[in-house]
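Work through the exercises below with the structure in view. Try each task before you read its solution.

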Amino acid sequence: MDDWRSYDGVAEAYERANGSRFGVVGRDLIAMAAPLPDGPRVLDVGTGTGVTATEAAAAGASLVIGVDQSTRMLAVGKAARDGFRPVAARAVDLPFRDRSFDLVTGTFVLNHFAKYETALFDMIRVLRPGGLIALATWGPGLDELQRTWRGLVEGVVQETMLEDVVRQAIPWESRFSDREKLEEALMRSGLTRVRTEPAAYRFTFTIEEYLDGREASATGRFVRSMLGEEGWKAFRERAGAVYTERFSDPLNDFRDVILAVATKP
């Protein structure tokens with residue numbers, strides 16, 4: 001991959017790991033935004049392979065558009081999901097008129113923006129007055145599966161370099177794992193009726209599927225870029241051996257998520 005920060009080179013791995021799993025988060029996020037007008041117009045920002053966008057369509061939206069800057073992620077999503085309508089664009093410069101949508105969603109995307117305030121501004125711009133924004137972020141803490149991955153990565157990447165990788169790719173991960181800070185950011189952006197709810201999920205993966213997900217993560221993309229394809233293949237094999245030794249296959253991955261909904265005045 002020319003730029004490790006891009007998802008283009010890991011789109012297939014992302015879909016294998018998350019395509020059938022993150023839908024439940026998108027479904028809960030859309031349900032939390034209810035009641036919506038009949039046949040709402042929905043924009044899913046940072047849509048990836050279209051998981052939440054597909055859930056919005058299933059919930060009765062008259063128009064659903066998924067936006068992402070990774071053209072490969074969009075192509076994989078379009079091949080995997082009937083009716084998925086992707087648009088390649090950056091969230092900080094959405095190619096839509098003001099007041100075009102009833103609901104704007106973003107699942108695990110707010111952490112990624114260098115300037116989240118700018119992204120929120122444009123997401124709010126395309127909402128009609130009274131429209132809703134619904135966001136999901138990861139909750140705090142690392143579980144044993146994540147700590148094991150972290151240990152493997154630290155075996156090939158210096159800690160200071162790893163910290164820089166996280167700052168570049170997901171600069172607000174720690175901030176928005178805190179409900180109060182997420183609520184504060186939404187209120188400071190001018191939104192009203194801000195409410196958040198904690199949610200807990202159990203995702204079941206085979207070890208290979210879990211490692212696909214780790215490959216698509218910020219640290220996975222960086223390590224793959226740094227090691228090259230042969231080095232990455234050896235790293236994946238070693239990671240598989242470690243997970244097989246320590247855990248039962250399939251894995252149960254328990255994750256905390258924060259769901260947030262707010263209204264445009």
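A crossing is left-handed if the near helix is turned anticlockwise from the far one by less than a right angle, and right-handed if clockwise. The model is predicted: local features need pLDDT of at least 70, side-chain atom pairs count only at pLDDT 80 or more, and totals for chains, interfaces and linings use all residues. Residues are numbered from 1 along each chain as its sequence is written, and side-chain values use heavy atoms, without hydrogens and water.

**Exercise 1.** Describe how α1 passes α4.

Step 1. Find the helices, which are DSSP runs (H or I, at least four residues) numbered from the N terminus. Here they are α1 (residues 11–18) and α4 (residues 71–80).
Step 2. Take the angle: about 45°, with the axes 9 Å apart. Axes are lines fitted to C-alpha atoms over the stretch in contact, and angles run from 0 to 180 degrees between N-to-C directions.
Step 3. List the contact (heavy atoms within 4.5 Å). α1 gives A11, E12, Y14 and E15; α4 gives R72, M73, V76 and A80.

**Exercise 2.** State which residues of α5 are buried.

Step 1. Buried means under 20% relative accessible area (1.4 Å probe, protein chains only).
Step 2. In α5 (residues 116–125), seven of 10 residues qualify.
Step 3. They are Y116, A119, L120, D122, M123, I124 and R125.
Step 4. These residues pack against β1 (41–45), β4 (101–107), β5 (127–138) and α8 (179–188).

How values were computed: Buried < 20%, exposed > 50% of the residue type's maximum accessible area, 1.4 Å probe, protein only. Helix = DSSP H or I, 4+ residues; strand = E, 2+ residues; numbered from the N terminus.
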